[in-house]
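Here's a quick briefing to read next to the model. Have the viewer open while you go through it.

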Amino acid sequence: MFVVATVSLFIAMILVLIRLFAGPSLYDRVLALNSFGTHTVLFIGVIGFLMGRPDFLDIALLYALINFVGTIAILKYFRYRAIGDVRRDVSEADS
Amino acid sequence: MDMIVEVLSWVFIVSGSFFTIVGSLGVLRLPDFWTRLHGMSISDSAGVILLILGMAMQAGLTLITVKLFIILAFLFITGPTSTHAVANAALVSGLKPRSDVPPEKDPEFNPNPDSK
Amino acid sequence: MGKLQVRLIGTAIFLSALWLLMSGLYKPLILGLGAVSVLLVVYVLHRMDSVDEDRVTLPLSPIASIGYFFWLLVEIARANWAVTKIVLSPKMPITQHLFAVPYTQKSDVGQVIFANSITLTPGTLTVETDLGYFLVHALDYSPDDLVALADMDAHVTAIETERAG
């Protein structure tokens with residue numbers, strides 16, 4: 001059963017990776033990256049069950065956190081060209 | 001009783017895998033960015049919920065199930081939030097969706113009529 | 001014993017429960033580390049409380065929220081099936097559209113729940129939030145969507161308690 005889930009998650013990840021490389025716009029790539037991250041979280045969990053080591057779920061939880069923060073950080077970077085504090089003039093001119 | 005749980009978790013995991021593949025296929029196949037977002041939201045909602053429920057049934061009433069439900073709750077909140085963040089960033093950057101509904105058939109008011 | 005103390009003790013209990021459930025190792029060293037972390041977090045929270053008096057409030061009724069959650073699951077299942085049919089059909093009949101949906105929730109939490117519910121059901125997606133309405137993108141638009149979303153709006157408003165946050 002977990003073999004089915006592992007194989008189909010693997011296929012799904014490859015499909016999303018193709019979209020990640022094909023683009024065409026930046027936002028398509030961010031979208032594909034985010035989706036790839038969600039699939040990775042599930043993949044780690046399923047692999048843990050398949051190998052009888054459910055401790056992998058800790059890693060999956062951590063990956064879910066990093067994936068979310070990473071997506072937001074990428075979007076913020078491409079909007080303001082900075083990850084940390086945004087300069088006043090840029091943020092006011094933009095919004 | 002064990003039999004029922006086993007069969008149910010089979011059903012959940014296989015259908016979760018199916019929806020994950022359908023969602024990824026949607027991300028790959030749909031014609032433009034705005035429709036691809038909807039493809040992603042299939043694997044984000046149905047795939048995640050069904051797969052985690054199936055895994056929780058396999059684990060039974062243990063701490064593993066608690067951890068799985070914490071992951072589920074987290075993905076349940078952050079999934080739509082990051083989808084919204086991507087969509088909003090695309091809209092702000094000027095990637096406007098095309099509309100297939102002719103304006104005279106649209107019963108809603110248009111919030112920014114000058115951009116048409 | 002004021003309201004603040006109750007909140008701090010509640011936070012400590014919640015954090016301890018989270019630690020115990022997540023670690024699963026009940027050795028003296030691990031439990032001691034957990035106790036130290038909980039105390040540290042509660043201390044930092046208490047210190048930061050003197051900076052601003054901002055409190056997280058959840059103006060939702062618990063029982064109605066659980067009912068709403070299961071209603072939402074049914075909606076998600078139904079919407080998933082509709083979008084799956086579109087993706088799997090060879091011609092992909094798409095009529096995408098961006099439209100405004102008014103919301104009636106008073107609190108921020110209610111608005112967030114409504115917007116996230118729209119995004120969580122495949123086929124509709126909140127793109128922009130503005131005063132009084134959300135911009136929603138639909139994959140397969142029909143005028144029925146407005147009725148369905150107004151229904152969801154009523155469901156979310158029903159779980160709110162009166163207090164405006």
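This is a predicted model: local features need pLDDT of at least 70, side-chain atom pairs count only at pLDDT 80 or more; totals for chains, interfaces and linings use all residues.

Residues are numbered from 1 along each chain as its sequence is written, chains are lettered from A and ligands numbered from 1 in the order in which they are written, and side-chain values use heavy atoms, with hydrogens and water left out.

**Where B meets C**
- On chain B, 42 residues are in contact with 42 residues of chain C (contact: heavy atoms within 4.5 Å).
- Together the two chains bury about 3700 Å², and carbon and sulfur atoms give 71% of that (buried area: the accessible area, with a 1.4 Å probe, that two parts lose on being put together, summed over both).
- B:Arg29, B:His38 and B:Phe76 supply 17% of what chain B buries against chain C, more than any other three residues.
- Salt bridges between chain B and chain C: the count is zero (a side-chain nitrogen of Lys or Arg within 4 Å of a carboxyl oxygen of Asp or Glu).

**Who lines the B side**
- Helices H1 (2-29), H2 (33-59) and H3 (63-92) of chain B are the elements that each give two or more residues to the side touching chain C (helices are DSSP runs of H or I, at least four residues; strands are runs of E, at least two; both are numbered from the N terminus).
- H3(B) gives the most, with 14 residues.
- By class, the side of chain B that touches chain C has 25 nonpolar, ten polar and seven charged residues (Ala, Val, Leu, Ile, Met, Phe, Trp, Tyr, Cys and Pro are nonpolar, Asp, Glu, Lys and Arg charged, and the others, Gly among them, polar).

**One helix pair up close**
- H3(B) packs on H1(C), residues 3-23, at about 115°, with axes 8 Å apart (axes are lines fitted to C-alpha atoms over the stretch in contact; angles run from 0 to 180 degrees between N-to-C directions).
- B:Leu63, B:Val66, B:Lys67 and B:Ile70 meet C:Leu18, C:Leu20, C:Leu21 and C:Met22 there.

**B:Ser99**
- B:Ser99 sits in the segment after H3 of chain B.
- B:Ser99 counts as partly exposed because its relative accessibility is 38% (buried is under 20%, exposed over 50%, partly exposed in between; 1.4 Å probe, protein chains only).
- Leaving out residues up to four places away in sequence, B:Ser99 touches C:Gln96 and C:His97.

**Chain A**
- Chain A has four helices and zero strands.
- Of its 95 residues, 45% are buried.
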